[in-house]
Amino acid sequence: MMKRNKICGILNITEPRVAANPLTMNRPIASLPFCSRYRLIDFPLTNLTTAGVETIGIFTNDNLRSIYDHVRSGKEWGLDSLYGGLFFFTDYSSHPHDKAIGGSREGDVYNYYNNIEFFEKSESEYTVIMGSQMLCNVDVQAILRHHIEQGADITVVYKSFEQVNKEHLQGSCLTIDEDGRVRGIKSCNLFNNAGKLFINMEIYVMKTHLLTKLIRNVVAENEHCNLTDVLHQAIVNLPSNGFEYTGYLKAIHSVGAYYEANMDMLHDTNLTALLKGSQSIHTKVKNEAPTYYARSSKVENSLIANGCMIYGDVSHSVLFRNVTVEKNTTINSSVIMQGSSIGSGAELHYVVLDKQVRIEPNTKLFGTKDKPIVIEKNSVISRISESNLSSETIKFDPSIENANTFFS
Amino acid sequence: MIAMILAGGQGSRLGKLTRTIAKPAVPFGGKYRIIDFSLSNCSNSGIRTIGVVTQYQPLELNSHIGNGSHWGLDHKDGGVTILQPHSSLDGEKWFEGTAHAIYQNISYIDSHNPTYLLILSGDHIYKMDYEHMLHFHKRKKATATVAVIHVPLEEASRFGIMNTDNTDRIIDFEEKPAKPKSNLASMGIYIFTWDVLRRYLTESHATGQNMDDFGKNVIPTFLANGENVFAYSFNGYWKDVGTIESLWEANMAFINPDHELNIRDKSWRIYSKNPVAPPHFLAKGAKVKESLIVDGCYISGEINHSIISQNVKIGANSVVRDSIVMANTVIGKNVTIDRAIVGEHAVFADNAQIVGDDTIEVVGYNEIVGGLNDEEK
C-alpha cells in the first residue's frame, strides 16, 4: 500500500535519436519496436506504474505521433484512472534544425521549467526520472525504499560491468565509494580498461521540491543545458547514493546495440530477466489471430509474435506481429518487424527489417553479426536492389513506397 | 437496436469443460472464448448497448467481459451490462428459458427504450453483420425475424426448422421435426420489434401462460396470431460447438489458414481479452507443423496439427498431435497428447500420456496428469 501521489514519474525521452538511424529516422528511441511486441517506452512505463506511480509526465522534444499512438490514455498501464494519469510536454520552442539532431540549443531544461506547474500540481513528495534508452526492468519501489533509508538527496541507479563494452562508451560512468556515495561522474570512454565500470542508468529519485529547485536555479543562471546535465552535476555536488541494479541492461546507443538486445532475448536467462520476472511488461494490446505454422515451416530458437503466417525456415530470429514468411525462405539471425513479408526463395542473414518491408521472392541479403543490414520502413527489396546492398546501413528513397506510413 | 446475449446456458454436453464455467466462456481457437464471436459481431455491427444475461457459473464469464472495453464496447451511453437473476418482492427469478430471461429483464431493456431488440445466444462460432439483418427486418415490415441457415436435410431434425413461402415469410415452425419439410434451421438469432414482443411477453405472463422459450413458445404464438415473421437467410460459417466432438472438430478445422471464418480479416476482427504475455518462443529442437500458437508459450517439443493457447509450456521430446491445449498448461518432457482437449492450468508430469481414439480425451481445468509419487508406485 502506498499513499496516493507519494511519487510522480518523469519519462525523459529527449534522448538524441540519431544514433540508431535509420530505425530512428522517423521515430524517437522511446518508440523503437522491441522483442516481437513491445516498444522501448513500455519498460519505464511499466516500471513506474507497477511501483504505484499514478502521475507520469512524458517530456519530449520530438515527434509525438508514434509515442502517442502507442500510449494513448495509458489504459494498458492502468493510467486512465480518476487520479493522476499521463501528461505530455513537448518542447514547442525548439527549432526544426534542433529537432533533426534530437535536442534543442537551449537544452530541454526549459521544457521542464515551462511546465514546472506539473510538479507542483502533482503534490508528490518524490519524483522518479527515467529514460527509455537504457533497456532494463527496474523495481522502482526498491529504489525509493533505498532512497528513504539512506537519506541521500539524490539516488542514482547504476549497473556494474567488469569490462568496457563499446556501446556504453557514449554514456556516463560513476565513481562510487564503498559506502555507496557518488564521488564523481565522467564519460565512460574516459575510464581506462582496469577494473569495474559503474554505468549510470540515468534513473534518479529525489524529493520533488529538490528537482524543481535545481531546474529553477539553472534557468535563473540563464544556462543552456539538458536536464541530464543538471542531474549529473547535482549527484556530484549534493549528497547522492548509488543503487545497484543487477538485472538485464542494454544501452540502445546504436543499431548494433539494438540488434544485440533483440538477439539477447533468444537466451532464456535474458528473456526471463527482462520480460518474465516479477513485473510483466505491459504494452498496447492488438487483436491478432494466433500464429500459423504450416507443414512446410521449420522454426527453431526464435521469438514469434501473434498474427504471423509461417511457411518457411526461421532460426535464431525475432519476428514481430503479422509477418508472413513464404515457402522455401531462410531467415537466420534477423529481426523482422511488424507487417513485413518475405517472398519465397528469399534468404536473410543478419538483417533488421523495419515495419512493413516487402522482400520480393528470391532476394538474398547477407549482413554480418557486427553490421546487420538494416532496411527502412515500407521499403520493397527485390533481386535488382539486392546487389546495391552491402553490409551497411542502407538508406532508401522514401518515395519508393511511402503509402500508409501514418498509421504505424 | 440493442442486443441481449443469452449466455446463461450450461452446455452440459461439454462435460468437464463446463463443470465450472458457462459454455460461452469456453476457450476456442487458441485465444478466444466462444462469446467473443457474438460480442465482436455486435461491436463490428455498431451495436452500442448489450445486455449479457448470465446464470450458470458466471464468474469466469463476468471477469472475461468486464466493462466490455476489450471489444470496444465501453461506451459512455449503454455499453455492456451483465444481467444476472435476482430476487425481488415477487420471489426469486431464476431464468426458466430464453424468453423468460428477456421477460425478467424488461426493465433493463425499457431503460434503453429501443425500437428493435436483437436476441443472440452466446455459444456459436460465426461472423455476422446484424445491421444487414435489421435492414431485412425493416424492409419486410416484420415484427419478428429469425436468422436461418441451410443445413443438410439429413441433419435438419436436430434443429428448429422454419418453413417459409417464397417471400421468406415463415408459415410454419417445427422444433426438431422427425420429417423436416425444409432445411432452414434457426440459428437462435432473433430481431423483434420491441413493443410487440414486450406486449406478448407481459400479456402471457399476466394470464399465467408463460412463454418461456423463443423457439417453443414465442415464435409459434407470433405465427398463430398472424404476426409478420420472416426468415433471414445467413450464408457463411456458423457452428454450434455444443459437444466435445464438435468443439474439437471446429477447432481442428480452424487451424486451416483458408478456413471459411477468415479470422485474419482486418475488416471484421474478432476481439478478446488479451492477457499480457511475451512473444512465444520455439526452442532448439521444437518441431511445429500445421498448428496455431499464441503469445507466452515456450515450446521445446513437437506440435502437429494442434492449437496451443497462451502461456503453455511444452517440454523436450513431448508430442502434441490433433489436440487443443488451453492456456497456462504445463507439459513436461516425453509427454504424448493425441486427440485430446486439455483444459486451462492442467499439469502433465514427465512421460504422461493422454491418447484419444474415436472419442476425444478431455483433461479438465487444473487437472494433474501422470507423475505418481514414490509411495503410489
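Tutor: In chain B of this predicted model, residues 24 or more positions apart account for 56% of the contacts with a separation of 6 or more (contact meaning heavy atoms within 4.5 Å). The model is a prediction in which local features need pLDDT of at least 70 and side-chain atom pairs pLDDT 80 or more, while totals for chains, interfaces and linings use all residues. Side-chain values use heavy atoms, without hydrogens and water; residues are numbered from 1 along each chain, and chains are lettered from A in the order in which they are written.

Chain B contains eight helices and 31 strands (DSSP runs, H or I of at least four residues and E of at least two, numbered from the N terminus). Its radius of gyration, 22 Å, is close to the 21 Å of the globule rule for 377 residues, so chain B is as compact as a globular protein of that length (C-alpha atoms; 2.2 Å times the number of residues to the power 0.38). The C-alpha trace spans about 70 × 45 × 40 Å along its principal axes.

Of the 377 residues, 55% are buried (under 20% relative accessible area, with exposed over 50% and partly exposed in between; 1.4 Å probe, protein chains only). Carbon and sulfur atoms hold 46% of the accessible surface of chain B, which comes to about 15,600 Å² (Shrake-Rupley method, 1.4 Å probe).

On that surface, B:Val330, B:Val347 and B:Ile368 form a nonpolar patch of about 240 Å² (residues with over 30% relative accessible area and no salt bridge, nonpolar side chains being joined within 5 Å and like charges within 9 Å; a salt bridge is a side-chain nitrogen of Lys or Arg within 4 Å of a carboxyl oxygen of Asp or Glu). B:Val347 lies in strand E28 (residues 347-348) of chain B and counts as partly exposed because its relative accessibility is 34%.
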